[in-house]
Amino acid sequence: MNDFQPRADQKRVLAYTGGKMGVTAVPGSGKTHTLAVLAAQLVSAIDSDQEVLIVTLVNSAVDNFKQRINQLIKRQRLLAGFGYRVRTLHGLAHDIVRERPGLVGLAEDFQIIDERRSDDIREDAVDAWLRGHPEAPTSFLALDELDAKQIEWIKRSHWPNLVRDLAAAFIKRAKDLQLTPEVLLERLPLVRERWTPSQAVLVSMGVEIYANYQRSLAYQGAVDFDDLIRLALEVLRRDPAYLDRLRRRWPYILEDEAQDSSKLQEEILRLLAGESGNWVRVGDPNQAIYETFTNANPRFLREFLEEPGVTRVTLSASGRSQPAIIELANYLVQWTQTQHPTEEVRGSFLPQLIMPTSADDLQRNPPAAPHGIQLVLQPGFSSERELRFVADSLARWLPEHQDCTVAVLVPRNERGFELINLLKQRKIPYVELLRSTSTTRQTAEVLEKILRCLAEPTSARKLSEAFRVWCPDDPENPEIKARIDRIARRIAGCPAVEAYLWPRADLDWLTTITPELSPEDVAWLLEFREAACRWHRAAILPIDQLILTLANDRFREAKELALAYKLALLLRDLADSYPTYRLAEFVEELAVIARNERRFLGLAEEDTGFEPPQGKVTVATMHKAKGLEWDRVYLMSVNNYDFPSGQAHDTYIAEKWFVRDGLNLEAEALALLATMAGDFSNPDAPADQFSVPEGQATRQARLDYVSERLRLLYVGITRAKQELIVTWNTGRSDRKLQPAVPLIALHGYWQQKQSQEENS
Amino acid sequence: MSVDIISAPHTGNHTIFLAGPPGCGKTTVAVQRLYHLLNKGVPAEQILILVPQRTLAAPYYQVLRQAGFPAGGNVDISTIGGLARRTLDLFWPLVAATAGFAHPDQRPCFLTLETAQYYMDRTVEPFIARGAFDGLTISRSRLVSQIIDNLNKAAAVGFPLDEIASRLKAAWAGESARLAVFDQVQEVALAFRRLCLAENLLDWSLQIHLFWHQLLPLPQFRRYLLGGYRHLIVDNTEEDIPATHDLLRIWLPLCESALLIYDTEGGYRIFLGADPKGALALADLCREHVVQSASYVTSAGMEALGLTLARYFLQDIPRLKTRVDPLQVLEPQGQRFHPQMLEWVSETVASLVMEEGIPPGQIAILSPFLSDALRFSLIERLQRYGIQVHTHRPSRELREEPPIRCLLTLAKLAHPSWRRPPPPTDVAHALMLAIADLDPVRAHLLTEIVYRVRDGQLVLSPFYQIVPSTQERISYLLGGRYDELWRWLQAYINRRDGPERLDLFLSRLFGELLSQVGFGFHRDLDAGALAAKLIESIRKFLQAFSSLNWQGTRALASVSGSSAEQPVSTGTLRTGMDVGLEYVDMVERGILAAQHISSWLGPAENAVLLVPAYTFLMMNQPVTIQFWLDAGSRAWFERIYQPLTHPYVLRRDWPGDQLWTDEEETRAREEFLGRLILGLTRRCRQRIYLVYSDLNERGYEQRGPLLQAVQRTLVESKKS
């Protein structure tokens, strides 16, 4: 940290003292670090009751920022963690609403339900709607191409899934547009006549499910994550005095990953910053990859950059990748701008190229190694063959490069799981960064095992199971694993539990077996005994307090502690509803949650800080890889399904094969919804203000998707420091997919360049 | 100056208003004044010591019990509530008819907190059944206590009972849906009052109301009260309610002498109706106005710390006169995780006690809230160092206290006729707490063998009938203790006279067995205190019912809408024992809160005190070392969740047409925290450890205003 010597463009950012600034930064240009240094600078400039507010995208970035800023300011002999606040948008919204919940009709102890719980509630609403509208699918199915049996099958299995996805997107977007169900229900009759009957059905479906969903939430006195953001904005609008107080508290707002900002995020931050406030937005519009499934849109950052009074800075020097990789990434940008076969997506990238760092820079680019690039474009590369190709390559490379990092990046989780199966078979070490592992299940399981041992204190077997979950969680270490097994077996064979946990002077089970054990095993048994005795003593506490006590004894991760707290609340509710419940009943409840038989309101799946390990293969989605880097990177499945280009033969994941006219129903519904946010107060508005020709939104969605996938490919390429291998596949046997057009373009460019260099 | 006050004239309406911060010796002066009055021949019966709550009278009780105290009659020490109750009892025939009671010819029944909660719970019941309070997330006990709170505030402040809803609604700035809830609160409050009038029940609010509106206008009562007590000593006027101040306004011009004491930094009981402004206004009615400022408790550094921190929250804090570093007495200590913070606190306490020789009783660990998990974890850790801990948590549900659950489980075992056999887990836990050194494993083993429930009937068998191998596992020593308990219970079950009253049963169980060597309550200070409290609570409950008998049952019937021919609970209220079962049910339903501040028993010299910060203030006992736990928690700054009442809006000085907005809320919170800081520092002699963890016990980041104020102090100290 002390070695940080800002480059010229970084110095421009660090010279900031106030006003609005927009910073666009290429991958690896040190934007996050520059922002942290700026934050630390500003902390010393503000009053002691103020904070620099830093808003970022994911929780892992929150911790990352905190660590960096703390390191920078800790030498000032001040309390750690003060003078600034790092929050995700949800965290910030929670802070805002939490102080004045009454303003938006929430009780002081309002509950935020997590995504799983909201999925449950929404599914109930969807099911109710489906039952009430059995004939709805006929408006949308490709009836000419389907036989009766197929139609029945689609109605039974595919249609409900489609409605679920559509409803989720509809509700999310409605909240982003600040449209309540009441407002939509009021406006629906006014616009219905301008639409086709199937369009009217589509929007009615969304509105009715939304209304039902919100009713359920209100009944439970709860809000979901999207409400939280909507309500935060409402709170700020409703109480100017409160807004003034927050403006005073947060005189500077620094926003990272601003390319993924949503409309509401921008509005909240704009309000907090005020007309003449201090707001720095940093991002890379070329890495905007969340548009399709969130309300994020890089347009907001781009428009901000163009606003009058905004100082614009570009961080274009990056020391991350070797020159060949930079060249390839830059070529993708240039090719898209000038040669992409679909003209409408040529603006997918900001015309911003990555520049290597100068020779005297502390972060010099790795040396040039053109052979580090492999674009595999063999024809007929089947899905299995691609997997084998990557696994073979890793098996050859990894043993020789134990001190290097390597990742295989896939467009979707499923592909990652397929690769992992193969890596397992080949005994190639890997770490998984795909769908988040279920902390909820694990946390519930740990607590269940401990509670079970407390409910049956005389059972040695239960005690042995509690021992297993008490042990440090490192199944990778065979020595520790063997020790855990060995000791657990010992405990399970203990003839009288009390002789181990509360031994009499003349009868201590541990003393009797000590001669047969290693000193480390004895130490573990002693330590576990202390913990188990403490738990047993705590068993007389009310169940929620018992859970909290156990959790604070066993867990260290904030996420686990927070989950345990939620479990404690759940069991507390049960205890209030069923006063006769005792430990045995609570254990069963936890077991159901641990087995995932009942959905539990855990936390939203959140990213955790990840440090790419050496000597192991990281298997990750390209989305999850954002912000990370590896020495060698494989990009898989770069075909025209995962990376379509708007060509006639491309297929799109959002367009269901059974829907007529290739319609993307979700996009169609969202476009109609957007018209309902228009100005209804103007009687002279043109008649076509609310009409949307069918299919128009589908076509636009295709283009948006093509653009976003181009940027995803760019993100994938720029994760590599030294070597990059890109492969494709033909998909499942019936698909006959093609290599993605951009891959073909990159391949052509690279071959030409190689041959030019060879000739020269 | 002190000498002048003590020996001031005691005739000719000599009234003194003595103001000063905590620790400046105000109460000491008042005690000396009491001595002086008695030594000058003032009859003890003519002296009244008036305090806002009984615990604040502790210094006077101590003096009155001392051997060297002048002989003679009794000095009365009372609260306004105590005074009202006593005089209403005396003058009942004069007020009963005019006050609207349905049975003026019969004696009144003064409700205790427990019985008031009981009747309010029953009053609320039919309203809830009709859908009232839907959509409000609140426990039943809080619902009940907040409606009682509204009644009490109306009486304490002196506004008509039917104005509760209009006052709350006029100030409500939130969503309109809540307005209907306030109307429901009003309906319940009025129904409760109707019940009281119909059945001669007098809760605290009605006592105060009648005292004012029925008794005080009576000339004969005025002669009795104002003519009887000629000398007043009124302590902690700032913590008292407007009704007390109004009484003093009448009384001060008529008495021979009066000493009113006002803590300039007090007013902590605002949630209970305290009116510091009203108290300060009394100074104008006093002949002398004395201000003391020097503290005998705090050092200059501690005073500087209090003023420096409080300055961030309070407007009128004076600048420091001398250049004293406020940080010299403060030691901030941050940890990443909550358990690490507790570990650090335990180690530091141990080091203070063992290495610096500070008596445990001179150390207070204070937190905004004291959860079971926090209490358990700290006690566990401190006991590892052999350090005893004394805790006190007001307004806690009785059912959540393990010693209470133990006693009630044993009561169920002793009363098979209740047909409430406890589950085996409860029995195991009860045995574990009741029998010294019985660990949880052996307690369960023992329960598995000796306890059976057949056809709803419980069977408890003796240890000596167990097979020898299991006896060996449990140990003969512990088995012997169990047998002692078993024999005691059997003897009770087989009593020829049948079951005793529940309070008597528990008194005997505690006295004859549990408090003895070899049993669990012998060394457990908190458990003993809780047992005493439980017994006292049951006793009052039973007494109230014994004076009621038929009244209570009919009252319940009328409130709940049942017909008189089918009264509710008739069968359960006939004997003390049945009422005892009613009490147990109430505890198990979570209706009854545990100790209230008035019942606090006082600190133990050999134990570290672990209490909520606010409770510590109300105990008014300075210590040498304080730990401010969870300093990052916003709870230091926030009011408890009270959706059905409002401590500020229901005050006398609240303008009726004003909304309670963010500005007011923030100011109130700042005022609260500022006063808390001043109060705590005024009660600390040497050092404050400010401890916090980045993540609280729930895993959430915390960095509340208290911690921010400390940070600001650090920053400013660095700049200067």
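Residues are numbered from 1 along each chain as its sequence is written, and chains are lettered from A and ligands numbered from 1 in the order in which they are written. For this predicted model, local features need pLDDT of at least 70 and side-chain atom pairs count only at pLDDT 80 or more, while totals for chains, interfaces and linings use all residues.

Chain A is divided into domain 1 (8-100 + 227-315), domain 2 (114-219), domain 3 (343-436 + 611-652 + 718-759) and domain 4 (439-594), with bounds from an automatic or database domain assignment. Between domain 1 and domain 2 of chain A, the C-alpha centres lie 36 Å apart. Six residues of domain 1 of chain A are in contact with five residues of domain 2 of chain A, where contact requires C-beta atoms, placed from the backbone, within 7 Å. On the domain 1 side of chain A, α9 (225-238) and α11 (263-273) each supply at least two residues; helices (H or I, at least four residues) and strands (E, at least two) are DSSP runs, numbered from the N terminus. That side of domain 1 has one nonpolar, two polar and three charged residues. Ala, Val, Leu, Ile, Met, Phe, Trp, Tyr, Cys and Pro count as nonpolar, Asp, Glu, Lys and Arg as charged, and the others, Gly among them, as polar.

In the contact between the chains, 50 residues of chain A meet 51 residues of chain B. The elements of chain A that give two or more residues to its side are α10 (240-249), α19 (497-501), α21, α22 (543-554) and α23 (558-577). By class, the chain A side consists of 25 nonpolar, eleven polar and 14 charged residues.

The largest nonpolar core has 252 residues, and A:I547, A:A564 and B:L431 have the most contacts inside it. Such a core is a set of buried Ala, Val, Leu, Ile, Met, Phe, Trp, Tyr and Cys residues joined through C-beta atoms within 7 Å. A residue is buried if 20 or more other C-beta atoms lie within 10 Å of its own, exposed if 12 or fewer, and partly exposed in between. Helix α22 (residues 525-548) of chain B gives the most to this core, with eleven residues. Apart from this core lies another, of 162 residues, including A:L233 and A:I354.

In chain A, the buried residues of helix α4 (residues 89-99) are A:L89, A:L92, A:A93, A:H94, A:I96 and A:V97. These residues pack against β2 (52-56), β3 (84-88), α9 and α11 of chain A. In chain B, B:I387 is found in the loop between α15 (372-384) and β11 (388-391). B:I387 counts as buried because it has 20 C-beta neighbours inside 10 Å. Beyond its neighbours within four places in sequence, the contacts of B:I387 include B:V349, B:P360 and B:V608.

Helices α18 (residues 478-492) and α21 (residues 519-538) of chain A pack at an angle of about 65 degrees, with their axes 11 Å apart. Axes are lines fitted to C-alpha atoms, for helices over the stretch in contact, and angles run from 0 to 180 degrees between N-to-C directions. The contact involves A:R483, A:R486 and A:I487 of α18(A) and A:D521, A:W524 and A:L525 of α21(A), with three nonpolar, no polar and three charged residues.

Conventions: Two residues are in contact if their C-beta atoms, placed from the backbone, lie within 7 Å.
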